[in-house]
Amino acid sequence: MLPQFSYVRPATIDQAIAHLKAGDAAVHAGGTDLLGCLRERIISSREIVSISSLKDLTGIKETADGGVVIGALTTITEIGNNPIIINKYPGLARGAADVASPQLRNQGTLGGNLCQKPRCWYYRGEFHCLRKGGDMCFAMNGENQFHAIYGHDHICAITHPSDTAPNLVALDATVKVAGKKGKRTIKVEDLHVLPVDDVQADTVLKQDEIITHISIPPPPAGLYSSYRKVRARRSWDFALAGVALALVIKDDAVLQANVILSGAAPVPWRSTEAEKVIEGKTLTAEIIDKAARAAVATATPLAKNGYKVDMFRGVLTEELQLAGV
Ligand SMILES: Cc1cc2nc3c(=O)[nH]c(=O)nc-3n(C[C@H](O)[C@H](O)[C@H](O)COP(=O)(O)OP(=O)(O)OC[C@H]3O[C@@H](n4cnc5c(N)ncnc54)[C@H](O)[C@@H]3O)c2cc1C
Ligand code: SF4
């Protein structure tokens, strides 16, 4: 059952920020995650601030320099189907199309997708774990088959749930944020928080801050952008292992590589090891194998998720092979 809360739908961003500033309030965009979190007592806000009337926060627009700005309230469906996104950033379009089910994509927004809470079953259940302010991580020695193999530091092993975030990181995207102290821009790569830095924080956003827009720089000449997600069921599962690639390829050589893993770590996980191997090289079978091995060499799997190591090696190999042809 949902707890009691008051509900407001401000007409301006300043009014929305004023409500959030007042204290115990949460942003409501599409509500597909928020309502579940309220029901599961993961979020205990007494005031829900709907931003759905803020029309400035919708839509996808090309910028004069050839980049794209996406309003935070733009639905995942719109992103997956938009011809500009499909043409310029196919990896992001694929990531959006791979999110959840058609119903959730129609209702869920990009801002909400970036800020959604993790899916660890202890966290979503009745376990008062570290992330909820308790004193232990139940997954560390428990049922951790779907948990992280990177970046958990044996503190909290959630995997970041978003399929759009790894693509936005790969594409060097930024979020524009508005709050009581004004506006600021944050790289999507710096938006999410590792457990070692703060086990209870999902993002670096302050209580009164709202993501208004997501900006993606113009695609560089020779950009190869892709996303691959492995999941247990095709219908609506989160990633077991995924990879977002943004490679700049010229004359058969990879000039610049962004290799971001999903389903891997508490944040979208950059494989600097794989990037180092492929940058400046042609994607031969030998280089691809070396990169995939380097990517998994630093993994720290838990007792029940060692299978993910082979899965990431395989997914990365296949995706780099596709990029190389
Ligand atoms: C069954 C199920 C399966 C799913 N599978 C996937 C999947 O495979 N891949 C995937 O990527 N996602 C998946 N999701 C997550 C889904 O994509 C998100 O629920 C959705 O994108 C959230 O968008 P929303 O607009 O509904 O957010 P809301 O539910 O409204 O909000 C989610 C969170 O973000 C905050 N928030 C929302 N907008 C903003 C903003 N503009 N600024 C600051 N904070 C904000 C809210 O306060 C809340 O904490 C799944 C969800 C469900 C329920
Ligand atoms: S992995 Fe994180 S969210 Fe899950 S039980 Fe451990 S501390 Fe809690």
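Helices (H or I, at least four residues) and strands (E, at least two) are DSSP runs, numbered from the N terminus. The legends below describe close-up views of a predicted model.

**Figure 1. Isoleucine 43 in the loop between α2 and β3.** Isoleucine 43 has a relative accessible area of 15% and is therefore buried, the limit being under 20%. Not counting residues up to four places away in sequence, isoleucine 43 touches Ala26, Leu34, Cys37, Leu38 and Lys117. Glutamate 286 is 243 residues away from isoleucine 43 along the chain, and the C-alpha atoms of the two are separated by 48 Å.

**Figure 2. Arginine 41 and aspartate 251, two residues with positive phi.** Most residues other than glycine have a negative phi, and most peptide bonds are trans. Arginine 41 has a phi near 65°, a positive value in a residue that is not glycine. Arginine 41 sits in the loop that runs between α2 (34–39) and β3 (47–50). For aspartate 251, likewise not a glycine, phi is positive at about 50°. This aspartate belongs to the loop between β10 and β11. The relative accessibility of aspartate 251 is 71%, so the residue counts as exposed.

**Figure 3. Serine 6 in strand β1 (residues 6–8).** With a relative accessible area of 38%, serine 6 is partly exposed. Apart from residues up to four places away in sequence, serine 6 touches Arg46, Glu47 and Ile48. Alanine 291 lies 285 residues from serine 6 in sequence and 52 Å from it in space, C-alpha to C-alpha.

**Figure 4. Leucine 57 in the loop between β3 and β4 (60–62).** The relative accessibility of leucine 57 is 4%, so this residue counts as buried. Its contacts, leaving aside neighbours within four places in sequence, are Ile13, Ile51, Gly71, Ala72, Leu73, Thr74, Ile210, Ile211, Thr212 and His213. One of these contacts, threonine 212, is 155 residues from leucine 57 along the chain, with the two C-alpha atoms separated by 5.7 Å.

**Figure 5. The second largest pocket and its lining.** Rolling a probe the size of a water molecule over the atoms shows where empty space is left. The volume of the second largest pocket is about 180 Å³. Leucine 57, the subject of the previous view, is one of its lining residues.

**Figure 6. An aromatic cluster of Tyr122, Phe127 and Phe138.** A pair of aromatic rings is described by the distance of the centres and the angle of the planes. With ring centres required to lie within 6.5 Å, the model has 6 aromatic pairs. Ring pairs join Tyr122, Phe127 and Phe138 into the cluster in this view.

**Figure 7. Histidine 154 in the loop between α8 (121–124) and α9 (165–170).** Histidine 154 counts as exposed because its relative accessibility is 54%, the limit being over 50%. Leaving aside neighbours within four places in sequence, the residues in contact with histidine 154 are Met140 and Leu302. Threonine 203 is 49 residues from histidine 154 in sequence and 20 Å from it in space, C-alpha to C-alpha.

**Figure 8. Helix α12 (residues 307–324) and the elements it packs against.** Helix α12 has 18 residues, which at 1.5 Å a residue should span 26 Å. Buried residues of α12 are Lys308, Val309, Phe312, Val315, Leu316, Thr317, Glu319, Leu320 and Ala323. These buried residues pack against the strands β9 (223–230), β10 (241–250) and β11 (253–262). They also pack against the helices α10 (272–278) and α11 (285–297).

Note on methods
Residues numbered from 1 in each chain as written. Chains lettered and ligands numbered in written order. Predicted model: local features only at pLDDT ≥ 70, side-chain atom pairs only at ≥ 80, totals over all residues. Heavy atoms only, no water. Expected span 1.5 Å × (residues − 1). Buried < 20%, exposed > 50% of the residue type's maximum accessible area, 1.4 Å probe, protein only. Contact = heavy atoms within 4.5 Å. Phe/Tyr/Trp six-rings, centres within 6.5 Å; stacked < 30°, edge-to-face > 60°. 1 Å grid on protein atoms, 1.4 Å probe; cavity = no way out; pocket = protein on both sides within 12 Å on 5 of 7 lines; lining within 4 Å. Points joined across faces, edges and corners; volume = space filled by probe spheres on them.
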